[in-house]
Amino acid sequence: MRPVVLVLQPGFPAEVPYYVRGLARRGALVLGVGDMPEGALSPVTREALSAYLRVDRLFDAPSLIDALRRWDLPLKLDRVEALWEMTVDLSAEVREAFRLPGLHNTQAGWFRDKDAMRQVLERAGIRNPRFARARGIDELRAAARHVRFPLIVKPLAGAGSANTHRVDSPAALEALIPSLGGHTTFIVEEFVRGDEYTFDALSHQGEILFHSILRYRPTMLESRSQEWISPQNMVLRDLDTPLYRRAYALGRDVLRALRYPGGITHMEWFHTPEDELVFGEIAARPPGGMTGELMNRACDFDVYEAWADTVLRGRIDQRIERRYNVGMVFKRAQGQGRIAHVEGYETMRRMLGDALVRTDLLPIGAPRRDWKNTLLSDGYVILRHPDLRVATEMSSWVAENLRLYAR
Ligand SMILES: Nc1ncnc2c1ncn2[C@@H]1O[C@H](COP(=O)(O)OP(=O)(O)O)[C@@H](O)[C@H]1O
Ligand SMILES: [Mg+2]
């Protein structure tokens, strides 16, 4: 019997179609439900789905559950999967309604609410930043006194570093307050210094089946707040080092503390100048920014199918060997308007040779993208090399010397 898997919003965001295809390729009968018209789904999604139900109000759980009950299909669901941050708690509602295994409401809440997440992890002895939850501006001031400066203010259920602010002093907090919107609930955290990494894992009942560590250079927050920076992500090859073994232990402890049943997770963590590992956050979905492709290029395998094996069978049938460090450099053009010219492209191709995996830059004449709203910015370069020092030098070169100009 083929397992029947329902995916919520199966065409979005960018890499989700490949995860959906992974399910179909690994033997599942895949159904989709979402608010996009069927014709707007990517062809990869459409080909993988056996049926698609379009609903008007995807995020209204009772109406979604009702629509699913009335959907005329001679099938019984075995699983529901969410691959997008915005559908994680929705998927838990659907699982409870249909009595299906997987992430349920309580745990989904821990993954979505940064305050609840930290409380559970704190009790499990995980090193968190000092934190406090604040509702409205008066509580925000009190939370800042408790946490102390420098600190971070962010919305409770954020994603993609939107609306995350570093605040260095009480005066800076007062200056920020008018832009915050007074009735929101915030989380205030000790500002953690140091390097930032991810820990992305396929796991089943607390056992890690595959993991990948990606280094952000500079930190996500710096990349998201300075336009001139070319953010550099690097999926690392050699994870058998003292630091990355500690990161593995942290990641596993976090998954166990949150009682994550299985699938793919995306965690962020810091390594401080005092050699401490501090938990950042974790999401019950794949990493964004095309990290799936970077993992594939690191191991010459298919992480989407490995994920499908993880959820369908609780094990991975492929042999996985890390062969490369894979770097991705995001480029932002200088100037406004349309891309006018590109500098350094031919030199880059010559220098990188076989190490160059792929480039995708906006063509001359295309309007610039809004760098605040898209991680991909005005284009990117993917490269790989077995030696981390070489891969890092190449990535730095592209960050500094490949230049896009707009006018
Ligand atoms: N307590 C903190 N100390 C230092 N940097 C932080 C802290 N919290 C968040 N950041 C920075 O802000 C970014 C976004 O915050 P995060 O908690 O990951 O929210 P989001 O859900 O928006 O990704 C992080 O990737 C990190 O660079
Ligand atoms: Mg984050």
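Where is Gln205 found? Gln205 sits in the loop between β9 (195-204) and β10 (207-217). This report starts from the whole chain, then returns to that loop and others like it.

## The chain as a whole

This is a predicted model. The chain has 14 helices and 18 strands. Its C-alpha trace spans about 55 × 55 × 45 Å along the principal axes. A compact globule with 407 residues would have a radius of gyration near 22 Å, and the chain agrees, because its own value is 22 Å.

Buried residues account for 41% of the 407 residues.

## Domains

The domain assignment gives domain 1 (4-102), domain 2 (105-124 + 193-323), domain 3 (130-190) and domain 4 (325-407). Domain 2 is written as two stretches, 105-124 and 193-323. The centres of domain 1 and domain 3, taken over C-alpha atoms, are 35 Å apart.

Eight strands form an open sheet, running β13-β12-β9-β10-β11-β14-β17-β16, with antiparallel pairing. The edges belong to β13 and β16 (356-361). Each has a single partner strand, so one side of each is left without a neighbour in the sheet. From one strand to the next, the twist averages 20°.

In general, strands of a sheet pair through backbone hydrogen bonds, either parallel or antiparallel. Here, β11 (residues 232-235) and β14 (residues 325-331) run antiparallel and are joined by four bridges. Within this pair, Val235 stands opposite Val326 of β14.

## The β12-β13 hairpin

Trp269 has Phe279 in β13 as its bridge partner. The two strands form a hairpin with five residues between them. Asp275 lies in the turn.

Is β13 largely enclosed or left open by the rest of the structure? Five of its seven residues are buried, so β13 is largely enclosed. Its place at the sheet edge concerns strand neighbours: β13 has a single partner strand.

Helix α12 (residues 303-313) is mostly covered, with nine of its 11 residues buried. Among the buried residues are Val303, Tyr304, Trp307 and Val311. Glu305 and Asp309 are buried as well. The elements that cover them include α1, β4 (79-82), β9, β10, β12 and α11 (291-299). Gly314 follows α12, with a positive phi near 75°.

Which residues of helix α6 (residues 114-123) are buried? They are Lys114, Met117, Arg118 and Leu121. These residues lie on the same side of α6, because they cover an arc of only 95° around the axis. Their cover includes α5 (105-112), β5 (131-135), β8 (185-190), α10 (242-257) and β13. After α6 comes Gly125, whose phi is positive, near 85°.

Most residues other than glycine have a negative phi, and most peptide bonds are trans. Several places in this chain depart from that pattern.

Gln205 is not a glycine, yet its phi is near 45°. How many other C-beta atoms lie within 10 Å of Gln205? There are 11, and a residue with 12 or fewer counts as exposed, so Gln205 is exposed. Asp275 is not a glycine either, and its phi is about 65°. Asp275 is in the loop between β12 (262-271) and β13 (277-283). With 10 other C-beta atoms within 10 Å, Asp275 is also exposed.

One joins Phe12 and Pro13, with omega about -10°. Pro13 belongs to the loop between β1 (4-8) and α1 (16-25). Another joins Phe149 and Pro150, with omega about -5°. Pro150 lies in the loop between α7 (136-147) and β6 (151-155).

Methods:
Residues numbered from 1 in each chain as written. Chains lettered and ligands numbered in written order. Predicted model: local features only at pLDDT ≥ 70, side-chain atom pairs only at ≥ 80, totals over all residues. Buried ≥ 20, exposed ≤ 12 C-beta atoms within 10 Å, placed from the backbone. Contact = placed C-beta atoms within 7 Å. Arc of directions from axis to C-beta. Pairing = 2+ DSSP bridges. Axes fitted to C-alpha atoms, helices over the stretch in contact; angles between N-to-C directions. Domains from an automatic or database assignment. Rg over C-alpha atoms; globule rule 2.2 N^0.38 Å.
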